[in-house]
Amino acid sequence: MAENPFFHRPQYANDLAQQLLKPTALQLQVRSGVFLSGIRRIGKTTFLRQDLIPALESMQALVIYVDLWADRSKSPALLVHEAVKSTLSELASPGTTLLERFKGLNVGAAGFSFGFQVDSVGKPGGATLSEVFTELVDKVSTNVVLILDEVQQALGTEDGNNLLFALKAARDAVNTRPGTAGYLLFLGTGSHKSLVADMATRRSQPFAGAVATEYEPLGAEFVRWKHEQLQPLKGVKLPSQEVMYQGFLAIGQRPEELQNALVLLQSRPEDPDMAFPIICTTLAASAAEVEIATVESMGALASAIFDRVAHGNESGESGLFSADAIQQYGALIGVSVDTTQVQNMMDRMITANLIHRRSHGVYAIADPFVRQAWQQRKAMQLPSR
C-alpha cells in the first residue's frame, strides 16, 4: 500500500468539529459563525479537506465546501451558488454517495424533492439562500456546515457583500427557529488576517459577533512524520529530526517550503545538519524580501510606518499615531505628514496583507517572519533597494 501523502491532525479536527456541532453553553457563539485565519501556505486548505470535513461528516453534518480562490474569473456569489446547487442536485439524484448517507430518512428512490427549482438558485426570482438552507436543514434533519475558504475574497464588491448578508440572513432564518432540526453553521477561513478577523469583529460586517480565531500551524509531530517517511528511502540526505524541526520553524512552519528545503539539501556536499539550517534561512530570507520589496515600493512613509510596527512590542503597541510618531515620520521622509496620511497608508498596507489590525489602534506585521527579516535587515544596516 502506498504511503499516505497527507499528515493528518485528527485531534485538532475533532476538537473543532465538536465545538461547531456540539458546543457547550460557553461556546454557543460559534453558531454566529467562526472565522479562522492564518498566514499563507501553512496548510489550512489541506487541513480543511483532509481532516476537518471528514470529522464533521463523521458527526453526521452535511458539509458544503467552497474555495473562493478556485476560479478567480467567477464571483464569490456564483461559486457559492454553484456549490449549493451541486449539493442539492446530489441529494435529488438516485445512487449518489451523498444521498446514500441520508437513505434512512424515508427518502424516495429518486432522492429528495425540494419546494423550489434547484436550477433557479442564485437567479432573479429564484429561491433565496434563506429558503434553500431552511428547507435543506429540514430535509436532512442535521447540521449543515458551509465552509468558505479564502473568505476575504467576498469583501470589497457589492456582489460579495450582498452574498455575506444573504448568508447571515440564512443563518438567522435557520438558527433562530424553535425546535430547528439542525443548525446552519458558517466557517470562513483565510490568509488575510486583518480582513478575516474584521469580518467577525467590525459592527458594519454582517457576521459581527462571530468567533475569530487563529489556525494552529503544524509543529514537531509533522516534522517527525516527514522525517520517518523519508528515512527509509535509499540515498536520501536528511538532517537530524531536531535540526529539521528548527529549519521548519525558520521557514514559517510552511510544509511546501520544508519540501523545497529537503530537495535543495540533496545537492549539497556538506553535512546535512550544517547545510539544512543555511538552506532554510536562505529560503525564509528570500520569501521575506518579496514582502519587504512591496513595502518599499509604497514609498518612504510606508517604510517608516512599517519599521515602527516591526519594532513595536509583541502586543502591537507601537504608538503609530502619537505626536512623536508623526514627527518621526516627517523627519525620516523629509516632509511633514499628518494623521490622515498615516491612516491612509496603514489602510493600504492592511489591504496588501503586510500588516494586520489586532484590535482598535493595535497593529502587527502580518507575517512574523517578515517582521524578523526586517529587524535583521535594519540591525545590519543593509541599504534600501
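Which residues does T189 touch, not counting residues up to four places away in sequence? The structure examined here is a predicted model, in which local features need pLDDT of at least 70, side-chain atom pairs count only at pLDDT 80 or more, and totals for chains, interfaces and linings use all residues. Residues are numbered from 1 along each chain as its sequence is written, and side-chain values use heavy atoms, with hydrogens and water left out.

T189 lies in strand 4; helices (H or I, at least four residues) and strands (E, at least two) are DSSP runs, numbered from the N terminus. Apart from residues up to four places away in sequence, T189 touches L36, L48, L148, D149, E150, V151 and Q152, where contact means heavy atoms within 4.5 Å. T189 counts as buried, at 1% relative accessibility; buried means under 20% relative accessible area, exposed over 50%, and partly exposed in between, for a 1.4 Å probe and protein chains only. One of the residues touched by T189 is E150, which is found in the loop between strand 3 and helix 6. E150 has a positive phi of about 55° although it is not a glycine, and it is buried, with a relative accessible area of 6%. A positive phi, near 55°, is also found in S141, again a residue other than glycine. S141 belongs to the loop between helix 5 and strand 3 and is partly exposed, with a relative accessible area of 42%.

Five strands form an open sheet with parallel pairing, in the order 2-3-4-1-5; two strands pair if DSSP finds at least two bridges between them. Strand 2 and strand 5 (211–214) stand at the edges, each with a single partner strand, so one side of each has no neighbour in the sheet. On average, neighbouring strands of this sheet are turned by 15° against each other, direction ignored. Strand 1 (residues 34–37) pairs with strand 4 in the parallel sense over four bridges, and F35 stands opposite G188 in strand 4. Helix 2 (residues 44–58) packs on the sheet and touches strand 1, strand 2, strand 3 and strand 4, its direction making about 165° with that of strand 2. Helix 5 also packs on the sheet, touching strand 2, strand 3 and strand 4, and its direction makes about 130° with that of strand 3. For such values, axes are lines fitted to C-alpha atoms, for helices over the stretch in contact, and angles run from 0 to 180 degrees between N-to-C directions.

The largest nonpolar core has 45 residues, and F133 and L136 have the most contacts inside it. A nonpolar core is a set of buried Ala, Val, Leu, Ile, Met, Phe, Trp, Tyr and Cys residues joined through side-chain atoms within 4.5 Å. Among the elements that give two or more residues to this core are strand 2 (62–67), helix 5 (129–140), strand 3 (144–149) and strand 4 (184–190). Helix 3 supplies the largest share, seven residues. Leaving out residues up to four places away in sequence, F133 touches I64, V84, V144, L146, L167, A170, V174 and L184. A second, separate core of 28 residues includes A288, I292, M349 and I365.

Strand 6 (residues 355–359) and strand 7 (residues 362–365) pair in the antiparallel sense over four bridges. The bridge partner of H356 in strand 7 is A364. Two residues lie between the strands of this hairpin, in which G361 takes a positive phi near 75°.

Helix 12 (residues 300–310) and helix 15 (residues 368–379) pack at an angle of about 105°, with their axes 10 Å apart. That makes helix 12 roughly perpendicular to helix 15; angles under 35 degrees count as roughly parallel, over 145 as roughly antiparallel, 65 to 115 as roughly perpendicular and the rest as oblique. The contact is made by S303, F306, D307, V309 and A310 of helix 12 and by V370, R371, W374, Q375 and K378 of helix 15. Its residues divide into five nonpolar, two polar and three charged; Ala, Val, Leu, Ile, Met, Phe, Trp, Tyr, Cys and Pro count as nonpolar, Asp, Glu, Lys and Arg as charged, and the others, Gly among them, as polar.
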